[in-house]
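This report describes a model of two protein chains. Please keep the sequence and the structure in view while reading.

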Amino acid sequence: MKKITSLLLVFMLLIGMLAGCAKTETETPDAPAETPVVSEPAVEPAVEDEPVTLRIYAQYSDDDTKVPYDYAVEQLAIDYPNVTLELDIQAQDDGQKLQTYAATGNLPDIFQVGLSQIETFKESGNIMILDDAAKSTGFLDRAHPSAENIIYNEDGHIYAFPYAGNELVLWYYNKALFEEYDVKVPETYEELLTAIEVFNANDIVPMSIFAKEKWITTAMYDVFATRFDPAGITKLDTGESKASEEAFTKAAETLNELVNAGMFADGATNTNYDQAAALFYEGKAAMFLNGQWEIAGSAEKLGENADWMWYPVMPGYEDNKYALSGGGAPGGYAVNPNSEHKELAAEVAAYLSEKYCEAKYMYRGNPILAVKVDESIKPETPFPTMMQKLDTEMGNITSTTKFAWGLSNPLFKVAIEDQSQFLMTKDYTPVEFVEELDKVIERMNQ
Amino acid sequence: MKKFYGNKLAIAVFTLPALSLFSIMVFYPIIQVFYKSFFKWNGLSAGTFIGIDNYLRLFDDKLFYLSNKNGFIFAAVITVFQISVATILALAVSSVKLRGRNVFRIVYFIPVVLSVTVVSQLWLSIYNADTGLLNKFFELIGSSYRQNWLSDRDKAIFAIAVVNAWQWMGYQFALILAGIKSIPTSYYEAAQIDGASPVQAHMKITMPLLAETYKFCLLISVTGGIKAFTEMFIMTSGGPGNSSYTLTYMMYSSAFRSGEFGYGLAAATILVLECLIAILVFNRVFKTENTSEGA
């Protein structure tokens, strides 16, 4: 009897243990097929009246992402009363969580995605082609012609609805500090060196940078790469050029010189955004590097004292003055091809993208968007002077490159992120930088 | 009892749940790691079998050697610091003459119960080049030894190792203290009668009797050091550049940042092997010591 009871207990334990591994009824569809299968939605927009909850994986971390998202959700409730969004906040984890979702067949219905992950998901059939949805929802009719590069993938398909325009890396500066120390806003490399010297002599950090984040160090290197070659790091990303070519070697040497000249604060590679921004906004740093989304914040904190400048020109390369770092790459709201409501999800993704742009225009002082905003919509406050300046100067920009997250080759992305951060330290040499990058580019081209 | 152990079926049945759990949760994933390390795989698609290419590339990668070097530095720093400090503190706290030893016992253990994130943030503040406590301390004593603790390619790994050593010292302390408490006081009384000083008593009684405890402490320190990840992930993201990469961080970076899961798993396989070798070596060393003592 005892034996039987013991056996029963053991089996009950086993069953209980294995029950945890069982699939639930509400689970999302099975893991994607291993061969590339890319689904397309029906041409007709989906009309589903019954209440539907869509899982969405999106950025929701600061005003620049919370305000537009909240606005889009608010509008969605009016136009799609039957749709409820269940937000899963995007983690700053190099796409690790999204990758895990995809690997376990648990991808949300809608998810924000960057270019390198689009490429991976394309291969594994985890991303839906949105060509038809883009047409049927009218998204393409309302898209800015200048946003084509961020809408269409290299293979000519649409995989995500972008919610931002071609954003740029801007070199911000504090006008008041430049005036106080009688420093000319640097237009050339020589003037930049002079500015660094003066600010350092007065205990002002010449440029604050949150170099703990590797995308900004990539942008910093790219800024100098564009001084010598307007295409910047995009040529390295495609494997078209090698880091040992003159433009890229010179860019590394220039950045190294500036680091040694004291352009950045001690321990810059361990400074996060809050610390770097605080230095700039508290008047302890004269310049600051970030994307154009910083315009609203800097205008709010420094008022008319905040401005942006063209990157300083290198002698002999004056033609590259208007080449800017940044720019767009395909990315935005993508749809899970295995979603139960994939047609509706595609429609909602397009809708969210448009409303997100609207909110950026109205509340974030940003007129440079992927989608045209209805003329009846007015910004809540006039655009900051810096944004007006950018809007006016847009026509002068001769070329743009890419942000780190817009790079197409993940191998290169990791290499340039690591190496550019290394270059921000005094004892790392441009020779090491070039060697390491060339090795990776060689592997990419194999 | 003899009857019970003679019943093979009962043994099989009773060990089945734990064995199944271990096989599913530990053994199977390790086999998968090893198997997938022979593939070019992005973590989602089927992958392509490429034989030992990932390993050949790994052994040709400077980053692999740097990661290993960092792992061993990390392991050495935490092992030396934790075991030596934990031993001294445990011996001190075990002394009946020490007043308030219960308070010390709790205080030394507090960092262990803190989250690694909290501890890392705390030390990030301490290491801050401009406003950090450490540089301020050097300033205060009139020294010019100000450092960019976490932005220096040579110092960063040591600085991070100190954080781990500080946090987990309390754990080793608790283990060693528990070991000391289990030694009968009569041994020390006998030593005292024989005229041994407290130091001699500890050297001749405490240390030999704590061999098994030390073996365990060494194992968790060394394997913990080799597979270190969290502190560098939070404090430096492997930087500056890749100067504070460990093998685990390299595995993470290859798999999740570069999308090269096969390559990352090759690094993981080497990591598992390194930990296994460490375990075997310690077992052999301590077994030899026990045998020679027995003889």
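## Helix α12 of chain A and its surroundings

The buried residues of α12(A) pack against α10 (214–228), α11 (234–237), α17 (410–423) and α18 (430–445) of chain A. Two residues are in contact if their C-beta atoms, placed from the backbone, lie within 7 Å. A residue is buried if 20 or more other C-beta atoms lie within 10 Å of its own, exposed if 12 or fewer, and partly exposed in between, with C-beta atoms placed from the backbone. Helices (H or I, at least four residues) and strands (E, at least two) are DSSP runs, numbered from the N terminus.

This is a predicted model, in which local features need pLDDT of at least 70 and side-chain atom pairs count only at pLDDT 80 or more, while totals for chains, interfaces and linings use all residues. Residues are numbered from 1 along each chain as its sequence is written, and chains are lettered from A and ligands numbered from 1 in the order in which they are written.

Among the buried residues of α12(A) are F248(A), A251(A), L255(A) and L258(A). Why do the end C-alpha atoms of α12 (residues 246–260) of chain A lie 21 Å apart? The expected span of a helix is 1.5 Å times one less than its number of residues. The helix has 15 residues and should therefore span 21 Å, which agrees with the distance between its end C-alpha atoms. After α12(A) comes G262(A), whose phi is positive, near 90°.

## Nonpolar cores

A nonpolar core is a set of buried Ala, Val, Leu, Ile, Met, Phe, Trp, Tyr and Cys residues joined through C-beta atoms within 7 Å. The largest has 78 residues, and M207(A), I209(A), A251(A), A285(A) and L289(A) have the most contacts inside it. The most is given to this core by α10(A), with nine residues. Another core, of 58 residues, lies apart from it and includes M232(B) and F261(B).

## Strand β3 of chain A

From strand β3 (residues 110–113) of chain A, I110(A) and Q112(A) point one way and F111(A) and V113(A) the other way, and all are buried. Two strands pair if DSSP finds at least two bridges between them. The table lists the two partners of β3(A).

| Partner strand | Sense | Bridges |
|---|---|---|
| β1(A), residues 52–58 | parallel | two bridges |
| β9(A), residues 332–335 | antiparallel | four bridges |

Y57(A) stands opposite F111(A), and G332(A) in β9(A) is the bridge partner of V113(A).

## Domains of chain A

The domain assignment, which is automatic or comes from a database, gives domain 1 (52–159 + 328–385) and domain 2 (169–326 + 401–445) of chain A. Their C-alpha centres lie 29 Å apart. Twelve residues of domain 1 are in contact with twelve residues of domain 2.

## Chain B

Chain B has 14 helices and two strands, and buried residues make up 37% of its 295 residues. How many residues of chain B are in contact with chain A? There are 29 such residues, and they are in contact with 34 residues of chain A. On the side of chain B that touches chain A, α2(B) gives the most, with six residues.
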